[in-house]
Amino acid sequence: MTSSPDRIRATFDAAAKRRGAALVTYVMAGDPDLATSREMALACAAGGADILEIGMPFSDPIADGKTIQGAGERALRSGTSIASCLELAAEVRRRTPAAIALMGYVNPVLAYGEERFLDACVASGVDALILPDLPPEEARAFRSAAAARGVKLVFLLAPTSTPSRVAAACDAATGFVYFVSVTGVTGARASLPADLGAKVAAVRKRSPVPVVVGFGVGTPAQARAVGKLADGVVVGSAIVQRIAQGGSRKARAERVRRFVASLSRALGR
Amino acid sequence: MTVPDATGHFGPYGGRYVPETLVPALDELTEAWQQARRDPVFAEELTRLLTRFAGRPTPLGDALRMGAEAGGCRIVLKREDLCHTGAHKINNTLAQVLLARRMGKRRIIAETGAGQHGVATATAAALFGMPCDVFMGALDVERQALNVFRMQLLGARVVAVQSGSRTLKDAMNEAIRDWVTNVRDTHYVIGSVAVPHPYPAMVRDFQSVIGEEARAQVLQVAGRLPDAVVACVGGGSNAMGVFSAFIPDRAVRLVGVEAAGLGLASGKHGAALALGRPGVLHGSRSYLLQDDDGQIVEAHSISAGLDYPGVGPELSWLKDQGRIELRTATDDEALDALGYLARTEGIIPALETAHAVAAAKDLARELGPKGLLLVNISGRGDKDIDHVRRELAARQERAASGKRRRPAGRRPATGPRKRPATGKRRPS
């Protein structure tokens with residue numbers, strides 16, 4: 001069984017056609033509970049997100065800043081498992097045509113069973129996987145298992161990546177390359193590095209797949225600036241913060257939808 | 001000596017499961033370490049520091065009364081507790097700070113559980129005049145207040161980590177996040193072997209001086225190799241340090257002692273090798289304490305240094321190869337062993353080390369009068385005195401209230417009570 005159609009490619013093709021970057025949004029599954037996080041993901045889609053990242057919580061999230069750490073802790077407290085993340089993805093899939101990417105750490109995937117997890121991704125309509133602590137070198141078996149099922153893999157690059165690392169990630173990535181804008185963990189920043197444009201351009205030149213930029217993008221103005229440099233823009237912590245502000249499920253969903261719509265407009269739509 | 005493959009794998013274990021930002025730094029570190037290994041100037045400078053600053057070589061002493069009480073087995077103690085700063089940790093931190101200076105790094109960070117690695121890193125940083133931040137779980141900051149103050153005296157900043165279980169694993173998470181952010185000018189001095197390549201092999205090599213000295217010393221004093229070598233295992237740095245020289249000596253049993261905490265059946269322990277399943281934590285694949293969903297389970301041990309849910313990849317591999325045997329000691333057994341070594345040999349070991357001592361008592365009895373047992377006394381107990389006093393007082397209080405409830409005629413408890421040896425495992 002393989003996942004079909006290729007929503008990731010279609011998303012970037014459509015974005016390129018309208019000469020704008022794709023909007024990628026992040027919501028943690030189970031933050032603060034599974035049903036609310038489902039509505040938040042759908043609110044992102046309603047606000048104009050092209051790719052919905054759904055976070056899978058992990059007890060020891062070394063790549064995440066305080067905001068997403070907090071979301072992960074809430075999700076684990078509400079009993080979120082890998083199975084419930086997959087279930088959430090399946091529900092979101094039934095209600096939106098947007099592409100879905102699961103993002104998380106590798107240990108829960110190993111515990112679930114790599115092949116079993118990939119099969120479940122296909123069954124749930126998950127298009128891509130982002131595992132920040134699984135670099136291409138450690139992912140050889142996983143890459144062929146994912147390719148056999150048509151599940152796209154996303155690999156990350158950072159400002160510290162050397163040309164050979166850039167080549168390795170670009171060659172391994174099947175969905176898109178995720179360029180980490182800052183030397184640091186996830187979380188909105190007041191400003192982005194001055195040399196971001198040059199770095200992203202170098203990666204885009206090398207990469208056969210689209211290149212998105214994330215970590216530190218938290219405002220429409222930043223999204224607009226980054227959208228001019230990359231094929232896609234990822235906004236995570238700024239959305240998680242808006243969910244964490246509380247209120248009814250409906251009020252949170254409206255807050256998230258409006259914010260995502262403002263990001264979408266900033267990208268020229 | 002066993003060497004991992006070029007990408008740091010010991011069989012299916014080890015490797016590098018880290019965010020991309022860190023990969024270039026790990027590559028740079030690997031390269032610098034490989035160069036330093038081949039450079040006689042580095043070796044000379046490190047040897048000078050180890051002898052004239054850290055106090056090496058450490059002696060190998062006889063535990064005569066302990067051996068006699070165990071039935072005549074000869075027990076020799078490798079006295080890493082006599083190293084400057086009170087534990088084996090200084091062997092590695094001096095080497096890594098020396099390496100950091102070669103690499104042109106301007107800032108040092110470290111994580112610490114018991115505080116020994118933090119103190120040893122702060123000491124090395126002070127010696128080289130480098131700023132040093134030490135991440136420590138907030139719970140450990142409470143348990144090890146004296147070491148916090150020592151680090152501060154040495155000019156380090158101690159960062160109390162409030163996330164998760166507020167112990168060693170969370171301190172590592174936060175240190176990794178700091179490194180991800182400041183990787184260009186910062187070297188992360190890791191004291192554990194339970195981390196990404198090249199650290200497991202590098203830390204083992206920097207600690208292997210323990211086993212190399214001990215092997216030569218035991219041959220000199222006893223004329224033969226020991227029947228067994230015992231060390232406590234948290235992440236496994238002192239165990240790999242003393243074991244590595246003996247790995248090729250197939251007849252020498254290598255016995256790792258993990259923390260059984262409140263008992264293996266209680267679920268509150270630190271026995272990752274004995275009871276864990278392979279997985280990925282802190283950048284390395286190894287045995288881990290985790291639940292069915294792959295979430296890391298909080299460890300428990302009376303000793304902060306063994307209160308960790310993972311273990312080094314090489315130890316995981318040696319377990320699968322059948323080259324190491326595993327035993328465990330509970331909190332109570334470790335406390336008893338600490339008091340026992342103090343009374344019989346005049347040595348107050350660290351609580352971590354006391355786990356090895358507890359297992360050594362049993363092992364010596366099993367080996368009998370012809371046996372020769374080497375125990376790695378990885379650290380001294382000064383840092384634990386307050387904690388031990390509180391724990392013993394709490395146990396005496398419990399014993400006293402238990403005694404009041406008990407029918408008359410029961411023998412009153414005097415001092416630390418012996419508990420039945422629960423949770424001890426024979427090698428599988």
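These legends describe close-up views of a predicted model.

**View 1. The interface between chain A and chain B.** Chain B brings 35 residues to the contact, and chain A brings 35 residues. The area buried between the two chains is about 2,800 Å². Carbon and sulfur atoms give 50% of that area. Between chain B and chain A, 18 residue pairs are in polar contact, both residues at pLDDT 80 or more. On chain B, the elements giving two or more residues to the side that touches chain A are helix H1 (23-38), helix H8 (168-182), strand E11 (277-281) and strand E12 (284-288). H8(B) supplies the largest share of that side, eight residues. By class, the side of chain B that touches chain A holds twelve nonpolar, twelve polar and eleven charged residues.

**View 2. A salt bridge across the interface.** Three salt bridges are counted between chain B and chain A. One of them pairs Arg165(A) with Glu20(B). Their closest N and O atoms are 2.7 Å apart.

**View 3. A salt bridge within chain A.** Over all chains, the count is 48 salt bridges. Among them is the pair Arg74(A) and Asp31(A), with N to O at 2.6 Å. This pair links distant parts of the chain, 43 residues apart. Arg74(A) sits in helix H3 (residues 66-77) of chain A. Asp31(A) sits in the loop between strand E1 (22-28) and helix H2 (34-47) of chain A.

**View 4. Aromatic rings and charges over rings.** Nine aromatic pairs are counted over all chains. In chain B, ring pairs join Trp179(B), Tyr188(B) and Tyr199(B) into a cluster. Lys319(B) lies over the face of Tyr287(B), 4.6 Å from the ring centre. In chain A, Arg116(A) lies over the face of Tyr112(A), at 3.9 Å from the ring centre.

**View 5. Two cis peptide bonds in chain B.** Most peptide bonds are trans. The bond from Arg56(B) to Pro57(B) is cis, with omega near -5°. Pro57(B) lies in the loop between helix H2 (40-52) and strand E3 (60-62) of chain B. The bond from His197(B) to Pro198(B) is also cis, with omega near 15°. Pro198(B) lies in the loop between strand E8 (186-188) and helix H9 (199-207) of chain B.

**View 6. A positive phi at Phe215(A).** Most residues other than glycine have a negative phi. Phe215(A) has a positive phi, near 75°. Phe215(A) is placed in the loop between strand E7 (211-214) and helix H10 (220-227) of chain A.

Note on methods: Residues numbered from 1 in each chain as written. Chains lettered and ligands numbered in written order. Predicted model: local features only at pLDDT ≥ 70, side-chain atom pairs only at ≥ 80, totals over all residues. Heavy atoms only, no water. Contact = heavy atoms within 4.5 Å. Buried area = accessible area lost by both parts, 1.4 Å probe. Salt bridge = Lys/Arg side-chain N within 4 Å of Asp/Glu carboxyl O. Polar contact = N/O pair within 3.5 Å; in protein donor to acceptor, adjacent residues only side chain to side chain. Helix = DSSP H or I, 4+ residues; strand = E, 2+ residues; numbered from the N terminus. Nonpolar A, V, L, I, M, F, W, Y, C, P; charged D, E, K, R; others polar. Phe/Tyr/Trp six-rings, centres within 6.5 Å; stacked < 30°, edge-to-face > 60°. Lys NZ or Arg CZ within 6 Å of the ring centre and 35° of its normal.
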